[in-house]
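Subject: A structure for you to look at

Hello! I am passing on the structure we talked about, and below it are some notes on what turned up. Please keep the viewer open while you read.

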Amino acid sequence: MLDQETIIQNLDSLEAARLDKVRNIGIAAHIDSGKTTATERVLFYTGRIASIHEVRGKDAVGAKMDSMDLEREKGITIQSAATFCDWVKKNPKTGVDEKYHINLIDTPGHIDFTIEVERALRVLDGAVMILCAVSGVQSQTITVDRQMRRYNIPRISFVNKMDRMGANPFKAVDQINHKLRIPAAALQVPIGSEDNFKGVVDLIRMKAIYNEGSKGETIVEKDEIPVECRKIAEERRRMLIETLADVDEEIAEIFLDEQIPTVDQIKAAIRRATISLKFTPVMMGSALADKSVQPMLDAVCDYLPNPSEVENLALDRRRREAPVKLVSYNSLPFVGLAFKLEESNFGQLTYIRVYQGSLRKGATVFNARTDKKVKVPRIVRMHSNEMEDVNEIGAGEICAVFGIDCASGDTFTDGALGYTMTSMYVPDPVISLSIKPAHTKDTPNFSKAMARFQREDPTFRVHVDSESQETIISGMGELHLDIYVERMRREYNVACQTGQPQVAYRETITQHVAFDHLLKKQTGGSGDYARVVGWMEPTGQLGDNAFEQQITGGTISEKYLLACEKGFHASCDKGPLLGHR
């Protein structure tokens, strides 16, 4: 198998130039850290939207990426929304403006919608992790960090809300180092703090950066660094170089020779260390106050990988699922992954990440799971809930297609390759409640809604309880289930009655217990007699229970042993305390 370096070096010059300017990024963070607000600024500064609207703003328009009525009312993101934009950045060496194409997914923060973050990160090449300048690393930040590690996603960190009381970006940097255990260093220091937050100092080039204009659309760079920031800027620059020396060999050599690395050397080292997941650069600003969002976009282009620099593996089913590398080449056979489904007015909308080859309108593709041929009637690029029709999508891009019937996590190929890609991780549900339509006449719509929600969201499960014959829905939290009940009322006109929420507890024993049980039962005829000897102990894990027999030489017939195992598993289904597994 070729290593990534060789693949990058052997890329065709045209392909390399195209891919070099593509970035697929997600924005992920704890609840209310400002993901949607930051995305709104990104869209405005890149010219995708004409004006800025706030989440829960006074004009009641709501942010572009929160397209659902429920999202606008509650001021939260429920479904991750995809968009794309072009960011023009000046090349510091040549002074020429270069256009970067950014595919961006804004994700929810609540743990209830964790699958949305999971499937977005499964198909992205890099991420921006947003932290609150006051709270720093929070519970959901840790969950998002775990998801990024699961899919090997390089990230830059952005400390938002620098204009809030008690904002301290360096506390956030320390917490990334200690709580998330990934080396991090600030690339900027703030000029002024809280209400007087004016801008940032770029530590690499040692320039002061301010935002001017009514919405901060003009960036002003000054060589003169304010007196009050100079000392901390020099100290933080030294810390940045020291941290890089720990994670990058080239900087380590320069550092040990007691020389100071050049701007280009520092930038190259940050890029290498970020892509190899050894380091995260930390930027800072305030999205709501329109300050310092553009330098974060520059950092996305400078330090996050393009599609060819990320290792994407598929499994070759024709060679016993041996792993193969996918290369983001347009000329190679097509391989894509359907990572998200949505029902729209025009039928099922399937989001696809193209890993290799290109997808054309009217082309025939194979579903690797069902081995069925499907034709692609329409390809669109998503901009939140709006669509733009396109005829072809190249390797490394994200698009959506209509008229393809498939499940979330299906792999598509052009039929020449027997490749399949690994699906994403789906957590177990943690809470359930009983539900039924308030009026019997609504049952057909109720069933339709249930089927649709289950297809769209793998963490939403429905089953019928064998004892009470009630329909039970399970999900990732109370809010998760509340949202679906509310959506059923709005989108399907089905009013529902729900029972009390039940938490999915697990019961266990606390120590090793030996047993020696004698059963004597006289019921007429020969009666029942048995003696069972053994021991039980906790495994300490939430996995399946294991039954083990240590009978030697077949002294006890197999049918009795099978009956013991069956009885053991049956008695584990309902525990003695609360009747949980």
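Arg155 touches Ala127, Met129, Asp145, Met148, Arg149, Leu180, Ile182, Thr274, Phe279, Thr280, Pro281 and Leu304, leaving aside residues up to four places away in sequence; contact means heavy atoms within 4.5 Å. This is a predicted model, in which local features need pLDDT of at least 70 and side-chain atom pairs count only at pLDDT 80 or more, while totals for chains, interfaces and linings use all residues. Residues are numbered from 1 along each chain as its sequence is written, and side-chain values use heavy atoms, with hydrogens and water left out.

You will find Arg155 in strand β5 (residues 155–160). Helices (H or I, at least four residues) and strands (E, at least two) are DSSP runs, numbered from the N terminus. Is Arg155 buried or exposed? Its relative accessibility is 3%, so Arg155 counts as buried. Here buried means under 20% relative accessible area, exposed over 50%, and partly exposed in between (1.4 Å probe, protein chains only). The side chain of Arg155 also makes a polar contact with the side chain of Asp145, at 2.8 Å. A polar contact is a pair of N or O atoms within 3.5 Å; within protein, one must be able to donate a hydrogen and the other to accept it, and residues adjacent in sequence count only if both atoms are side-chain atoms.

Next, the core. The largest nonpolar core has 45 residues, and Ile102, Val128, Ile156, Leu240, Leu244, Ile270 and Phe279 touch the most other members. Such a core is a set of buried Ala, Val, Leu, Ile, Met, Phe, Trp, Tyr and Cys residues joined through side-chain atoms within 4.5 Å. Helix α11 (residues 294–303) supplies the largest share of this core, 6 residues. Another core, of 38 residues, lies apart from it and includes Ala172, Val173, Val189 and Met284.

Helix α11 is mostly covered, with 9 of its 10 residues buried; among them are Gln294, Met296 and Asp302.

How do the helices meet? The axes of α10 (residues 263–275) and α11 come within 9 Å and cross at roughly 75 degrees. Axes are lines fitted to C-alpha atoms, for helices over the stretch in contact, and angles run from 0 to 180 degrees between N-to-C directions. The two helices are therefore roughly perpendicular to each other. For such labels, angles under 35 degrees count as roughly parallel, over 145 as roughly antiparallel, 65 to 115 as roughly perpendicular and the rest as oblique. On the α10 side the contact is made by Lys267, Ile270, Arg271, Thr274 and Ile275, and on the α11 side by Cys301, Asp302 and Tyr303.

Helix α9 (residues 249–256) packs on α10 at an angle of about 140 degrees, with the axes 9 Å apart, and that makes α9 oblique to α10. Glu250, Ile251 and Ile254 of α9 meet Gln265, Ile266, Ala269 and Arg272 of α10.

Finally, two backbone angles to look up. Most residues other than glycine have a negative phi. Glu258, in the loop between α9 and α10, has a positive phi near 60 degrees, and at 75% relative accessibility Glu258 counts as exposed. Arg320 has a positive phi of about 50 degrees and sits in the loop between β12 (312–316) and β13 (322–326). With 84% relative accessibility, Arg320 counts as exposed.

Happy exploring!
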